[in-house]
Amino acid sequence: MTFTAPEIDYAALSPVIALTVAVCVVLMSAVIRPPRRGAPGLTLIALATTAGLLIWNWNEPVTLVSGALRLDDLAIAISLIAIAAAAFAVLLSIREPAADQAGSGEYHALLLGSVLGMVLLAQAQNLVSFFVAIETLSIPLYILCATNMVREQSLESGLKYLIVGSLGSATLLYGMAFLYGGSGSTDFGRIAAGIDQAGLIGDPLVLIGIALVAVGLAFKTSIAPFHQWTPDVYEGAPTPITSFMAVATKAAAFAVFVRFFIVALGGEAGDWQPALAVLAAVSIVVGNVGALGQDSLKRLLGYSGIAQAGYILGGLVVTSEAGVSALVFYLAGYLFMNLAAFSVVVARERETPFGDDIRAVRGLGEERPLLAWPMTISMLALAGLPATVGFIGKLYLIEALVEGDYTWLAVFIAVGTMISLAYYLRVVAAIWMRPGEKAAPGAAPAIAGAAPEADPIDPDAGRRLYLVGPALLAAAGAVFFGIVPQPLVEFAQHAGASLF
Amino acid sequence: MINSLLWTPLIFGLAGLALPKRLAGWWAALGAAATLALAIALLAGFDSGAPGLQDSYDASWIPGLGVRYSLGIDGLNVFLVLLTAVVWLGGTAFAAFREQERPHLFFLMLLLGETATLGAFLAQDLLLFVLFFDLMLVPFYFLFGAWGSDREGGPTASAATLKMIVYTLIGSLLMLVGAIATAIIAADGGQVSFSIAELARQPLGEGSQRWIFWFFAAAFLVKMPAFLLHGWMPDAYRAAPLPVLAVFSGVLAKVGAYGFLRVVLPLFPDATIEFQEVVLVIALASILYGSVMAFTQTNLRLIGGYSSVAQLGFITAGIFALRADGADGAVLQMVNHGLVVAPLFIIVAILAERSGSEDLREMGGMAMRAPVLAALFLIVTLATLAMPGSANFVGEFYILNGLFQEKIVFAFVAISGVAMSAYYALRLYQRTMHNRRPEGVASREIGLGDGLVLVPLVLCIIGLALYPQLVLKRTDAAVSEAVASVQPEAPAKADGITFSTGYARGER
């Protein structure tokens with residue numbers, strides 16, 4: 001009896017292998033060496049290696065593991081965004097109380113595990129790998145949200161995310177079952193063919209399956225009306241983890257959203273396009289209106305993320321190459337815009353007794369210009385003002401939407417942006433137009449986000465390079481790609497072309 | 001050349017960050033002066049007869065999205081660019097003579113505003129135009145919000161500014177959608193191009209024009225501001241620091257009117273004809289409302305602000321007469337109004353320093369010991385009310401002339417605005433400079449520094465009054481072309497005039 005070993009494309013699997021090894025190494029490093037020392041460095045090295053391996057595979061699309069994964073430029077682009085977000089999160093986690101309490105090794109290993117899930121999810125081309133990846137991504141995050149164990153909100157955030165996340169996963173799985181029933185296949189490509197051959201296009205059960213999958217993914221991407229967990233979880237989780245979730249989870253979930261809906265369900269596009277368009281519009285309204293009255297910066301960014309998810313979903317709604325490119329471009333821009341803001345929030349959280357309250361950034365323009373500028377640029381970019389990547393991103397999305405005959409959704413984006421100015425500019429006004437607030441020494445900081453057992457204050461946090469550096473870097477990126485967008489446009493076009 | 005003109009202010013602004021605080025203002029003024037020198041050089045090389053772009057720069061910017069970095073100068077914008085440079089130098093120098101908080105940031109924002117405004121005037125790519133149009137807001141948001149004054153019992157400076165931003169962006173974001181829609185519908189599946197000249201060559205179908213027209217019109221009418229869309233103006237004007245308000249009112253409002261000529265008329269000719277009367281009604285309402293408000297207000301800033309509403313109503317009416325005459329007059333009037341309103345706000349600042357108030361009721365008698373100030377103010381006042389002999393008279397004359405030929409009823413209503421402007425301008429002058437001097441109001445001659453700012457601006461007014469064809473001669477060809485795109489059958493200007501002054505043809 002002869003046994004032929006399956007051929008394994010190690011080159012294309014190398015990013016996944018590297019991350020898997022890294023998870024184990026980082027976890028073991030906590031056992032071998034005293035905590036706090038090695039783990040962040042090792043994590044950064046692992047992320048850099050993975051990024052390098054991904055770039056090495058750029059522009060050579062291959063199908064792996066008998067069709068379960070597909071490493072194309074879309075997958076690579078999204079993975080790179082997730083990895084960059086993770087690298088920022090590692091820097092922001094230096095001296096983060098949550099990382100110390102959970103154990104630095106475990107904390108970073110979980111982070112890497114989540115990244116592994118994202119890299120897999122971006123490549124998933126099969127219902128099984130899709131579901132396994134999305135769980136690999138989520139489970140470490142449930143734990144990471146709860147790592148700041150002395151703060152009740154952190155625990156609450158973890159539990160909430162676990163429950164809502166499981167609900168989302170269950171819905172997703174249920175939907176997958178319907179689709180498997182309709183097509184008899186788990187492979188994305190064969191689902192499309194199967195539904196077509198069985199003559200089930202427009203069949204109610206298949207449509208239910210599509211709807212359930214869409215709802216499951218809407219939970220992950222925090223699209224209204226499945227967004228309720230977002231502000232609470234964002235607020236409660238340790239801020240570096242929030243920043244990572246806001247950018248990376250969204251990117252990875254959108255990657256599979258796009259791939260699944262276009263590759264597997266492209267034949268049904270006429271049915272789901274209008275529904276997703278409505279979801280996008282609802283998200284834009286709910287997110288922007290919800291953010292208006294928020295005093296907590298993390299909640300504000302949470303709601304803003306809901307609105308931004310609505311904009312991004314527009315790129316999928318049109319189901320065109322330009323749409324997917326616009327989506328990838330926006331996600332890449334979102335990385336810069338959002339991380340600049342979160343870096344500043346982390347710095348101010350540690351520096352002032354106000355936690356993530358908007359009062360923490362009052363008078364920042366005079367006190368800490370190096371933090372004030374990134375925050376300002378981030379807010380202006382999120383609001384889509386010109387000379388930032390946010391403007392080009394909106395331009396790209398609107399162009400794709402108008403081209404795809406969804407001009408009304410483009411108008412919605414414009415209207416949403418107007419509403420959003422009211423809260424983004426409120427932060428800018430707090431930075432530049434209000435004097436700073438000094439907390440009375442010794443007074444109990446009874447403010448949102450800062451329980452009596454609050455984390456210790458580090459009065460120099462606003463000067464530390466590992467906080468100011470990421471903030472400046474992300475802000476510089478947001479401005480640079482607003483003025484010289486062509487490289488990022490080409491990157492996004494490459495990614496978008498891989499599905500068509 | 002055109003590139004260095006655009007970026008000089010910003011480069012100076014950024015370089016100024018490295019200088020010590022007390023030099024920041026002077027450095028910025030130097031930057032504004034350098035920009036002015038470039039603008040004058042550009043004008044010197046301008047050939048008055050040619051309608052097309054004379055100096056242009058075109059480079060690929062975002063090929064993936066069809067956006068080009070394309071600048072150009074022609075008869076439509078050459079004087080607006082010059083106006084921008086002149087007024088900005090005045091405003092910057094005036095601010096430099098006074099102590100500013102956080103001067104680095106103040107002057108950086110002021111100069112960023114100049115670059116953005118010049119960009120909006122120079123852009124020949126529709127999307128680049130939208131980008132600069134929106135970018136103009138950012139520096140003024142900071143300038144109004146952070147250096148403005150909170151009003152007792154009213155909104156704070158940042159709240160007033162937020163209102164302004166939301167109002168203006170409502171227009172501009174819709175304009176962004178409209179611009180993209182224009183290009184994509186025009187491309188019809190082919191290569192997307194945002195070049196204004198290319199888009200003008202084959203206008204869209206009437207149905208698309210109709211809604212896109214209003215997206216653009218909303219942006220421009222809010223910016224001016226026109227009647228019903230002026231809600232942001234009173235609060236923002238009361239909050240703004242005065243030197244900034246001088247450039248804001250002097251130049252930014254004109255970008256809206258310019259947008260009609262540059263974008264709306266050539267790109268949406270059918271819709272323009274269709275909605276001509278609607279816009280004319282808005283323009284007339286602005287004239288009447290602005291004038292009436294200007295002579296009932298007692299706050300000096302608001303008198304200036306509402307008079308601008310009225311003046312921009314005139315300019316809009318001139319453009320929407322859709323006659324070469326009217327549009328010629330509108331362009332001249334844009335320059336005139338900018339040159340008049342900027343010194344007006346600077347004078348308001350000077351008067352406020354002398355009386356400690358910005359209220360007309362608490363002023364008076366300030367001419368007594370300040371003959372030079374009184375004389376300068378008088379010239380500005382007379383120019384505001386379009387005294388015959390001033391360039392404003394010529395501008396209004398052309399506008400009304402165009403309007404008479406096209407819509408005689410509208411012209412009669414517009415004339416009442418001319419009469420009312422005499423009332424509010426003279427009221428402003430008398431109540432501040434003449435009458436009895438109340439306690440606590442000083443009558444003091446203007447200082448050397450302020451004089452250095454004000455006298456050249458007033459000299460510009462006088463110069464233009466003596467020689468308005470400086471503008472008319474150079475703008476006529478381009479303006480006629482813009483208007484001709486709407487009504488190709490309209491008779492050429494020379495035969496259309498029944499009571500010509502000969503200004504435009506230089507026959508005086």
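**Close-up views of a predicted two-chain model**

**View 1. Pro225(B) sits in the loop between α9 and α10 (233–239) of chain B.** This view, like the others, is taken from a predicted model. The peptide bond that runs from Met224(B) to Pro225(B) is cis, and its omega is near -10 degrees.

**View 2. In chain A, a cis peptide bond joins Ala224(A) and Pro225(A).** Omega for this bond is about 0 degrees. Pro225(A) belongs to the loop between α9 (204–221) and α10 (229–236) of chain A. Ser222(A) is also found in the loop between α9 and α10 of chain A. Ser222(A) is not a glycine, yet its phi is positive, at about 50 degrees. With a relative accessibility of 1%, Ser222(A) counts as buried, because the cut-off for buried is under 20%.

**View 3. Ala386(B) has a positive phi of about 60 degrees although it is not a glycine.** The residue lies in the loop between α16 (371–384) and α17 (391–406) of chain B. The relative accessible area of Ala386(B) is 6%, so this residue is buried.

**View 4. The rings of Phe129(B) and Phe220(B) form an edge-to-face pair.** Their centres are 6.0 Å apart and their planes stand at 70 degrees; planes over 60 degrees apart count as edge-to-face, so the pair is given that name. Phe129(B) is in helix α5 (residues 126–135) of chain B, and Phe220(B) is in helix α9 (residues 206–223) of chain B. The pair links distant parts of the chain, 91 residues apart. Both Phe129(B) and Phe220(B) are buried. They belong to one aromatic cluster, whose members include Phe133(B), Trp214(B), Phe268(B) and Phe320(B).

**View 5. Chain A and chain B meet through 35 residues from chain A and 35 residues from chain B.** The area buried between the two chains is about 3,200 Å², and carbon and sulfur atoms give 82% of this area. Glu399(A), Met418(A) and Met433(A) supply 19% of the area that chain A buries against chain B, more than any other three residues.

View 6. One salt bridge is found across the interface of chain A and chain B, along with five residue pairs in polar contact. On the side of chain A that touches chain B, α18(A) gives the largest share, 13 residues. The residues of that side divide into 25 nonpolar, six polar and four charged.

Notes:
Residues numbered from 1 in each chain as written. Chains lettered and ligands numbered in written order. Predicted model: local features only at pLDDT ≥ 70, side-chain atom pairs only at ≥ 80, totals over all residues. Heavy atoms only, no water. Contact = heavy atoms within 4.5 Å. Buried area = accessible area lost by both parts, 1.4 Å probe. Salt bridge = Lys/Arg side-chain N within 4 Å of Asp/Glu carboxyl O. Polar contact = N/O pair within 3.5 Å; in protein donor to acceptor, adjacent residues only side chain to side chain. Helix = DSSP H or I, 4+ residues; strand = E, 2+ residues; numbered from the N terminus. Nonpolar A, V, L, I, M, F, W, Y, C, P; charged D, E, K, R; others polar. Phe/Tyr/Trp six-rings, centres within 6.5 Å; stacked < 30°, edge-to-face > 60°. Buried < 20%, exposed > 50% of the residue type's maximum accessible area, 1.4 Å probe, protein only.
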